[in-house]
Amino acid sequence: GPILAEFERQISELLEVAYVLGTPSGSAALVLALMGIGIVPGDEVIIPDLTFVATANAACMLGAKVILAPTEKERPILDLDAVDALITERTKAIITVDLNGRIAWSKELKGKYGKKGIYVIDDACQAFMSGSEEGKAGTLADVGCFSFGITKLLTTANGGMVVTKNKELYERMRIIKTQGMRSIFEGDAYYYPGFNFKLPDILASIGLGQLERLDRKMEHVNKIEEMYREELQHVKGIHFITNKENEFHYETDIVCENRDLVRKVLYANGIMSRPLGMPLHTAPYLKQEKNLYQTSSKLQGKLLYLPCGPDQPLENVQKVVQVLKTNNLVRSYT
C-alpha cells in the first residue's frame, strides 16, 4: 500500500540505497534474499558460527547446506581469513552478520568473491544505522537484511526489510514476495516460486512514526553505552570489546571472566541480563566436520548483555553500574 511505499522511500533515502522492500520480519528478509539469488537444495551457504539461529534456518528452509565459518578472536564476527578454506564449487552465498552493530566484512567478501558468482548477503538485523558515510550496515553487500522487531532500534512491532543496489535482484525479489506474481490482483502469470513476504501498511505506519524519533533514540542508546563503559572500565573481571569508528550498538555487551557469577549478582538485585545464544555448531542439524569453533565457544561463554535499549531509563543503568561496582565479582574466578 501507499504507506509502505512511503516507508520504503524514507529508508532508501536514509541508507542511500536504491531499492528497498518491506517484509514481515528479519527472518523473512533473509529467506527472500536467498530466494532472490536463486538458492536451491544442494547449494552451500557460508554463515558465521556466532549468530542468531534464524540466519542458518533461512538457508536450511531452502534445502541449502550450511557451512559454518569461525569467529574472530576479539570480535564476534566472521573471520575473514578463514573463508578461503570453506569455498567449494557448490558455494553460492556468504552471509555476513553485523552482530550487535559490529560491521562485518561484506564489502571485502563481495570484492573478492563476486566475480566468482558467489553472492554476499549482509544480515544487518542487529545493525540498523551502524556504519559510516561510506556505507551503512546492509548496504555494502549484494543484499542487506534488517529486522524491525519489537526490541530493535527501529520497530514496526514485527517486520523487516531487504535492501539492494542491484535492480535485477530487486525486481526478482519484488515478484517473489508476492507469491511469484507481478500482480496478485491480475493473477495472470507466475514467474518464480514465491511466498507472502508482504509488510502491511498498518505496520509500516508504525515505522514512519519511529523514524521521526530515530535521532533521539540513537542519542539515548549512545548515552547508555557511554555510561556503562565509563563507569565499569575499572571493575575487575569485566571488559569491553573495542568499538570501531562509526559502529552503533543498540545493546551494551560486556565480556566477563565469570559470566555466570555476574548474572547471579545482577539477578540477586532484581536485574535481568541476557547471554549470547549458543554457537550454531552446537545444533545437531548444523553439525560440522571440522573443529574450527573454539573462539566462538570462548566468546559465547563470556559475553553478557546488560539492560539497555532506546526506552531504558538512565536510573536503571545507574543501578546496574552501582551493583557491579560494589560487589566482589572476582572472588570465584579461576
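## Close-up views of rings and cores

**View A. Arg182 meets the ring of Tyr191.** In this predicted model, the charged end of Arg182 sits over the ring of Tyr191, 4.7 Å from its centre.

**View B. Arg274 meets the face of Tyr305.** Here is another arginine for you to look at: Arg274 lies over the face of Tyr305, and its distance from the ring centre is 4.3 Å.

**View C. Phe128 and Phe146 pair edge-to-face.** The count for the model comes to 5 aromatic pairs. In this one, the ring centres of Phe128 and Phe146 are 5.6 Å apart and the planes stand at 90°; planes over 60 degrees apart count as edge-to-face, so this pair is edge-to-face. Phe128 belongs to the loop between strand 5 (119-123) and strand 6 (131-132), while Phe146 belongs to strand 8 (residues 143-147), so the pair ties together parts that lie 18 residues apart in sequence.

**View D. Phe195 and Phe197 form a tilted pair.** Their rings are 5.5 Å apart, centre to centre, with 55° between the planes, and this aromatic pair is tilted. Phe195 counts as partly exposed because its relative accessibility is 49%. Phe197, in contrast, counts as buried because its value is 6%.

**View F. The largest nonpolar core has 35 residues.** Which members touch the most others? They are Leu34, Ile39, Val45, Ile47, Ile121 and Val162. Among the elements that give two or more residues to this core are helix 2 (26-36), strand 2 (44-48), helix 3 (54-61) and helix 5 (167-176). Strand 3 (65-69), strand 4 (91-97) and strand 8 are also on that list. Helix 2 gives the most, with 8 residues. As general background, nonpolar side chains in soluble globular proteins tend to be buried together.

**View G. Ile39 and the residues it touches.** Leaving aside residues up to four places away in sequence, Ile39 touches Leu34, Val45, Leu62, Ala64, Lys92 and Ala93. Two of these names, Leu34 and Val45, are also listed with Ile39 among the core residues that touch the most other members.

**View H. Another core lies apart from the largest one.** This core has 26 residues, including Phe128, Met129, Leu199 and Leu208.

Methods
Residues numbered from 1 in each chain as written. Predicted model: local features only at pLDDT ≥ 70, side-chain atom pairs only at ≥ 80, totals over all residues. Heavy atoms only, no water. Phe/Tyr/Trp six-rings, centres within 6.5 Å; stacked < 30°, edge-to-face > 60°. Helix = DSSP H or I, 4+ residues; strand = E, 2+ residues; numbered from the N terminus. Buried < 20%, exposed > 50% of the residue type's maximum accessible area, 1.4 Å probe, protein only. Lys NZ or Arg CZ within 6 Å of the ring centre and 35° of its normal. Core = buried A, V, L, I, M, F, W, Y, C linked by side-chain atoms within 4.5 Å. Contact = heavy atoms within 4.5 Å.
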